[in-house]
Amino acid sequence: STGITIALAGNPNSGKTTLFNALTGARQHVGNYPGVTVERKEGAYVLNGQRFNLIDLPGMYSLTAYSMEEMVARDFLIQEKPAAIVNIVDASNLERNLYLTVQFRELGIPVCIALNMVDAARKRGIEIHGEKLSRLMDIPVVPTVARSGQGKTELMRAAAQLIENGSKTEPLALSYGKDIDLALQEMQGIICAVLPDLNCPPRWLALKFLENDEQIQTFCQKQSIDLFIALEAVRKQVVKHIDDTLATCPEAVIADHRYGYIKSLIRQGVVSHNQDRNRLFL
Ligand code: GDP
Ligand code: K
Ligand code: MG
């Protein structure tokens, strides 16, 4: 169908389907992804005469696909390359939800955050400063209450604006420490030489390979056995070094750095807690 594709993505139970329904109403089509029983929900949203195809992606915690749902969601993002991701984030579980946001940014697809369930967060005494988060992460953040539809038009305006400016979206390149950064650089060089027309950032592919992502490793193997062997040699070296020096593995170090980045954002005043302990008695 014609129109610009926007994927609604986020952790399970963040409110994706509720938001999707609020945005698309009856203009929905439900099918299946080829070969699997995961539901594929698509719907239309029109803003100022521009038609958008919205996809309600299955819930995911990570871009390393551990479940069928995550596999489908990741494949969709890489193969169908939506113009933008509307990342539905549960405002009450900001830190955990942003772990996925960081990974979307690493993948390099423009991201707009729907800071959802701000009503429930507020009831629990949690206030998120969306503008601050937006500034720190350099992505649009729009507070929403998917259940009532509050914020949905502002959200779609922000997503449309993001797509208009989209060409300048660079993938986020976090530092994962010297050892991993150097390995990534080397792997990226190897990948670029063998696969110049890759449909995802080469550093992202290297990162996934280093995170021991089986599907990514198989993909590299299928592209070229020499590529696989060269990448595997770098990986084995890092694995050994990190095991010797830190008694851990690259995927744990990478996850630690992602969480470190998120924690540092949050510490800069993104979240206020209503400390009124007497609240229950008032
Ligand atoms: P999904 O798994 O991401 O598709 O999440 P759902 O759309 O199924 O929503 C999970 C639950 O959260 C449902 O019970 C929704 O009614 C509820 N929900 C969704 N958005 C909001 C919101 O903004 N505020 C509140 N209070 N509840 C919400
Ligand atoms: K659900
Ligand atoms: Mg859902």
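How many residues surround ligand 1, and which are the closest?

## Surroundings of ligand 1

In this predicted model, 15 residues surround ligand 1, a residue being counted if one of its heavy atoms lies within 4 Å of the ligand. The closest are Asn 13, Lys 16, Thr 17, Thr 18 and Asp 119. By residue type, the shell divides into five nonpolar, seven polar and three charged residues; Asp, Glu, Lys and Arg count as charged, Ala, Val, Leu, Ile, Met, Phe, Trp, Tyr, Cys and Pro as nonpolar, and the others, Gly among them, as polar.

Two helices, α1 (16-24) and α4 (118-123), each supply at least two residues of this shell. Helix α1 gives the most, with three residues. Helices here are DSSP runs (H or I, at least four residues), as are strands (E, at least two), numbered from the N terminus.

## Polar contacts and cover

A side-chain N or O atom of Asp 119 lies 2.8 Å from a nitrogen atom of the ligand. Oxygen atoms of ligand 1 are approached by a backbone N or O atom of Ala 146 at 2.9 Å and by a polar side-chain atom of Arg 147 at 3.0 Å. On its own, ligand 1 has 580 Å² of accessible area, of which the protein covers 74% (Shrake-Rupley method, 1.4 Å probe).

Asn 21 belongs to helix α1. Its relative accessible area is 34%, so Asn 21 is partly exposed (buried means under 20%, exposed over 50%, partly exposed in between; 1.4 Å probe, protein chains only). Apart from neighbours within four places in sequence, Asn 21 is in contact (heavy atoms within 4.5 Å) with Gln 28 and Lys 41.

Asn 11 is found in the loop between β1 (4-10) and α1. With a relative accessible area of 1%, Asn 11 is buried. Beyond neighbours within four places in sequence, the contacts of Asn 11 include Lys 16, Tyr 61 and Arg 96.

## Basis of the description

Residues are numbered from 1 along each chain as its sequence is written, while chains are lettered from A and ligands numbered from 1 in the order in which they are written. Local features need pLDDT of at least 70 and side-chain atom pairs count only at pLDDT 80 or more, whereas totals for chains, interfaces and linings use all residues; side-chain values use heavy atoms, with hydrogens and water left out.

Key. A polar contact is a pair of N or O atoms within 3.5 Å; within protein, one must be able to donate a hydrogen and the other to accept it, and residues adjacent in sequence count only if both atoms are side-chain atoms.
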